[in-house]
Amino acid sequence: MVLKTHNLKTRVKTAKGRKLSSTLWLQRQLNDPYVKEANRLGYRSRAAFKLIELNDKYHFLSKGKKVIDLGAAPGGWSQIAVQKTASTDEHPLIVGIDLLPIEPMEGARFIQLDFMDEKAPDLLKKSLNGKADVILSDMAPNTSGIHQIDSLRLMGLLESAYAFAKEILTPGGVFIAKIFQGGTENTLLSQMKKDFELVKHAKPDASRKDSSEFYVVAKGFRGTPAMSSETANVKKEEINR
């Protein structure tokens, strides 16, 4: 989704006490067409457009799907997931987690906790009440400005998110996570290709051009050996009925 930009730029006067970096960030926000469109449509963040683009291309969100949103604050991705799955408060299908607080949202449940906390996986499983069809991860560490260090930190989050996804995804499920360019280790990518039928890298138009972020999209989870055994047993029972 490419939004049209205008030649007229809004300039921000450097306020007393405001750092130059803060002024530049504010100026970029004011001139960002995705920020403006997110405000117009009532989306909680411009990141909503990234998920919209990914879903338009790979078609993983649909009515009735159960979704876990890792690094959910402020709720932009959960917002799109609620819309696409038709989740409601009576039958919630979306569970999000973040260290930061998230404003309540109809059709979603939020947990304020660091995903790396040892209690997080069990809380997410309990809140979703069953297996997930889609795991979304827009998690990112606090950046140091040093690409190699930031990539390693993000890889740590990615590996933890992936290990969790393999525990809770249904066969055929989808895993989508943020990475930095050149930050996906070959060993993890090779494992994903064994565990999923399709593994792709994608950079939505809504991602800032000067950002090194990409997303890894893994579709068609093949399941764990235990899952395969359970599925086979169910089929045997159905045949013997």
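Colleague: By class, how many nonpolar, polar and charged residues does the lining of the largest pocket have?

Modeller: Happy to, and please keep in mind that this is a predicted model. The lining of the largest pocket has 16 nonpolar, 11 polar and 12 charged residues. The space inside that pocket comes to about 1400 Å³. There are 39 lining residues, and the closest to the pocket's centre are Asp138, Met139, Ala140, Pro141 and Lys178. Several helices and strands take part: α1 (20-30), α4, β2 (94-98), α6 (147-168) and β5 (169-180) each give at least two residues to the lining.

Helix α4 spans residues 76-85, and Val82 sits in it. Val82 counts as buried because its relative accessibility is 12%, under the 20% cut-off. Leaving aside residues up to four places away in sequence, Val82 touches Ser87, Ile94, Met105, Glu106, Gly107 and Ala108. As for Ser62, it lies 20 residues from Val82 along the chain, and the C-alpha atoms of the two are 9.6 Å apart.

In α2, which covers residues 33-41, the buried residues include Pro33, Tyr34, Val35 and Ala38. Just after α2 comes Gly42, with a positive phi of about 80°.

Note on methods. Residues are numbered from 1 along each chain as its sequence is written. This is a predicted model: local features need pLDDT of at least 70, side-chain atom pairs count only at pLDDT 80 or more; totals for chains, interfaces and linings use all residues. Side-chain values use heavy atoms; hydrogens and water are left out. Helices (H or I, at least four residues) and strands (E, at least two) are DSSP runs, numbered from the N terminus. Buried means under 20% relative accessible area, exposed over 50%, partly exposed in between (1.4 Å probe, protein chains only). Contact means heavy atoms within 4.5 Å. On a 1 Å grid over the protein atoms alone, a cavity is a set of points where a 1.4 Å probe fits but cannot get out, and a pocket is an open set with protein on both sides within 12 Å along at least five of seven lines; lining residues have an atom within 4 Å of a point. Grid points are joined across faces, edges and corners, and a volume is the space filled by probe spheres set on the points. Ala, Val, Leu, Ile, Met, Phe, Trp, Tyr, Cys and Pro count as nonpolar, Asp, Glu, Lys and Arg as charged, and the others, Gly among them, as polar.
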